[in-house]
Structure formats: structure tokens, C-alpha cells
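My notes follow the order in which I went through it.

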Amino acid sequence: MNDDENDITFVFAGQGSQHGMMAYALYGANRVFRETLRELDTMMIDLTGQSVISAMYDPPARAAAPWDDLSTTHPAIFMVEYAVARAVMAEGILPSRVLGTSLGAFAAAVVAGAMSVETGLEATIQQAAAIEACCPPGGMVAVLARADEWIPRLAEMGEVAALNFDTHFVMAAPDEGLREIEACLVAGRVGFQHLPVRHAFHSRWIDPAADVFLAYCSTMELSVPRIPILCCERAAPLPRVDTAHFWRVVRQPIRLAETVEGVGGRSLYLDMEPSGTLATFLRYILPEPRRVKAVLSRLGRDEVELGRLRTPSGC
């Protein structure tokens with residue numbers, strides 16, 4: 001095991017972390033991030049005819065608009081997270097392990113060397129297409145309340161999609177169930193946030209897409225990862241990477257707190273996802289919040305000087 005100074009965990013998140021104009025400051029300031037994102041955008045256009053860069057940055061009004069079109073947000077999250085990781089690694093900051101939640105498992109697998117970036121991008125596109133074609137409308141609600149008290153009250157209306165920490169969990173449900181969940185939370189004066197997604201990820205309501213996506217997964221070429229991959233579906237290191245892993249991570253609940261227990265506070269956690277949300281969660285979970293840093297911010301205050309990420313204090 002590396003010493004504490006060099007023990008670094010890259011973390012990657014999934015749907016709900018996206019927002020218009022994400023990583024725009026880094027795109028303007030960092031050559032590696034910009035060139036990587038452009039390379040991925042060329043691949044995206046070749047595969048789908050759509051440009052993620054245009055969807056994110058043209059027009060600037062996108063910053064204030066909801067963005068829940070799965071066909072672009074799914075690959076956009078992957079592209080931004082992978083490009084951020086490339087930019088951080090170009091500064092000589094290398095991960096000891098990676099942790100991916102949900103869709104973030106694709107970028108984590110690429111950074112770990114378990115699949116090529118081309119395969120990772122195509123897989124996100126294929127997963128989005130399968131879910132859009134096969135699954136009913138739905139969504140997800142993040143709840144700011146004690147999980148042990150509120151999950152039993154909401155269980156008949158939806159399914160638990162994520163257990164982030166004691167007072168933060170996510171429920172997934174079809175549209176009618178979402179309305180019931182939100183009405184119950186309003187009546188109980190509980191804070192909640194509707195995530196910008198149109199489907200009930202991590203629940204039985206995406207099961208209709210399983211066969212289609214797993215058929216695609218069977219064609220993917222995978223390699224033995226160069227560094228450990230922490231799996232939030234298993235709440236443990238991944239013993240091996242198989243194609244079904246990339247379905248399980250979006251179907252089964254996210255168990256973030258359990259997953260990081262084995263690593264604990266000795267590692268420096270660097271959040272690669274677009275809004276810095278995982279960094280916020282980890283600061284609640286870990287004994288040393290200063291050992292968590294977000295590269296990107298929903299408010300646009302991106303860490304354009306990536307060398308400052310080398311130490312927990314940012315010095």
C-alpha cells in the first residue's frame with residue numbers, strides 16, 4: 001500500500017450530476033481537458049451524429065435550463081469525467097484506485113485500464129439507447145432525512161436507489177410513484193431534490209432494458225485493470241471485471257458509505273464528476289473531510305490549477 005501522501009482515489013458519478021456549461025472554465029483553461037473532450041466529441045459525432053460539446057456549451061442559456069436528455073447526458077457525463085481524469089493525471093497526480101458510482105463505473109473502468117475509451121463511450125451510448133427504448137418514464141428523488149426512519153415510509157411508492165450516508169438517500173420510481181413520494185415528503189416537511197433524470201435507475205423499472213444492453217455488453221473487449229476498482233454495487237473492491245458489471249452498477253442500489261469503509265480516511269479522494277456532489281457526500285462520510293477535493297463545481301469554480309490537488313490542503 002502506498003503511503004498516505006501518494007494514496008489517491010479517483011471517484012466518478014453518474015446520472016443526476018450533469019448540468020449545462022459543466023466544466024466550461026476548465027475547457028477554456030486546460031489544454032489536456034479541452035483536447036481530450038474534443039477527441040471524444042469527434043467519436044460521439046461519428047457514432048451518433050450529435051455533438052456533446054454543442055449540447056453543453058451552445059447556447060450559454062443551457063446553464064440555467066434542465067438537461068435530462070439521456071442520449072446526450074449519458075455520454076456527456078462519461079466524456080467530462082474521463083477528460084477531467086486525463087487532465088489531472090497530466091499533472092502527475094495518479095490514482096491508486098478508482099471508484100465509480102452508477103454510470104461513473106464506465107469512466108472508472110477506462111482510467112483503470114479495464115476497457116478502452118472508445119468502448120467506454122460506445123457503451124454509455126448503447127445503455128442510454130436501451131433504457132430510452134425499453135423503459136417507462138420515471139425519475140429519482142434525493143431525500144435529506146434519516147434513511148432508517150423514512151425508507152420504510154416510502155418503500156411502497158418506489159425503491160431505494162442509493163444509500164449515500166445516514167441522512168441522505170435516493171428513491172427511484174415511475175412518474176406516479178414520484179408524485180406520491182414527493183407529496184409524502186412535503187407533508188413530513190422533509191427536504192428533497194428531484195434529480196434531472198427521466199428514468200428510475202437502480203430499480204426494477206429499468207429491467208426491460210437488461211436483455212438489450214447485456215447483448216451489447218457481450219461484445220465488449222475487457223482487460224485486467226491496472227489498479228483496483230471499488231464497486232458501489234458490491235460495496236467492495238471488484239474481484240474481476242465482467243461485462244455484466246456494467247449493467248449491475250446501474251440496476252442495483254449505490255452503497256457509497258459501505259464502499260469507502262475499506263479505504264477509510266487514509267486516501268486523498270479526488271471527485272471527477274461534473275458537480276462536485278460526491279465530494280460533498282464523502283466529507284460527511286469520512287473522518288477527515290480535508291482529504292476530499294472536487295475538481296469541478298456546479299457554480300463554475302473549477303480547479304483550473306490542477307497542481308493544487310496534490311495535497312489535501314491544496315497547497
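Entry 1: I noted first that the model is a predicted one. I then looked up the strand order and found an open sheet of six strands, β8-β7-β2-β1-β10-β11, with mixed pairing. β8 (236–237) and β11 are at the edges with a single partner strand each, so one side of each has no neighbour in the sheet. In general, the strands of a sheet pair through backbone hydrogen bonds, in a parallel or an antiparallel way. For β1 and β2 I looked up the sense and found it parallel, over four bridges. In this pair F12 stands opposite G100 of β2.

**Entry 2: helices on the sheet.** Next I checked what lies on these strands. α4 lies across β1 and β10, and runs at about 160° to β1. α5 packs on the sheet too, where it touches β1, β2 and β7 (229–231). The direction of α5 makes about 165° with that of β2.

**Entry 3: α4 against α5.** I asked how the axes of α4 and α5 cross. They come within 9 Å and cross at roughly 35°, and the crossing is right-handed. From α4 the contact uses F78, E81, Y82, A85 and M89. From α5 it uses G104, F106, A107, V110 and V111. I sorted the residues of this contact into eight nonpolar, one polar and one charged.

**Entry 4: α4 against α2.** I then turned to helix α2 (residues 31–48) and helix α4 (residues 70–90), whose axes come within 8 Å and cross at roughly 145°. This crossing is right-handed. On the α2 side I listed V32, F33, T36, L37, L40, D41 and M44. They meet residues of α4 that include P75, M79, Y82, V84 and R86. The contact of α2 with α4 divides into 13 nonpolar, two polar and two charged residues.

**Entry 5: burial of α5.** How many of the residues of helix α5 (residues 104–112) are buried? I counted nine of nine, so the helix is largely enclosed by the rest of the structure. Among the buried residues are F106, V110 and V111. After α5 comes G113, with a positive phi near 85°.

**Entry 6: burial of α12.** In helix α12 (residues 277–285) I found L278, A279, F281 and L282 buried. They cover an arc of only 160° around the axis, which puts them on the same side of α12. As a general point, an α-helix has 3.6 residues a turn, so residues three or four places apart point the same way. I also looked up what covers the buried residues of α12, and the list includes β1 (8–12), β4 (159–165), β5 (168–174), α11 (256–261), β10 (268–271) and β11 (292–294).

**Entry 7: two loop residues with positive phi.** S102 is not a glycine, yet its phi is positive, about 55°. I located S102 in the loop between β2 (97–100) and α5. Is S102 buried or exposed? Its relative accessible area is 8%, so S102 counts as buried, the cut-off being under 20%. H202, also a residue other than glycine, has a positive phi near 60°. I found H202 in the loop between β6 (191–194) and α9 (210–217). At 2% relative accessibility, H202 is buried.

Conventions
Residues are numbered from 1 along each chain as its sequence is written. This is a predicted model: local features need pLDDT of at least 70, side-chain atom pairs count only at pLDDT 80 or more; totals for chains, interfaces and linings use all residues. Side-chain values use heavy atoms; hydrogens and water are left out. Buried means under 20% relative accessible area, exposed over 50%, partly exposed in between (1.4 Å probe, protein chains only). Axes are lines fitted to C-alpha atoms, for helices over the stretch in contact, and angles run from 0 to 180 degrees between N-to-C directions. A crossing is left-handed if the near helix is turned anticlockwise from the far one by less than a right angle, and right-handed if clockwise. Contact means heavy atoms within 4.5 Å. Ala, Val, Leu, Ile, Met, Phe, Trp, Tyr, Cys and Pro count as nonpolar, Asp, Glu, Lys and Arg as charged, and the others, Gly among them, as polar. The arc is that of the directions from the helix axis to the C-beta atoms. Two strands pair if DSSP finds at least two bridges between them.
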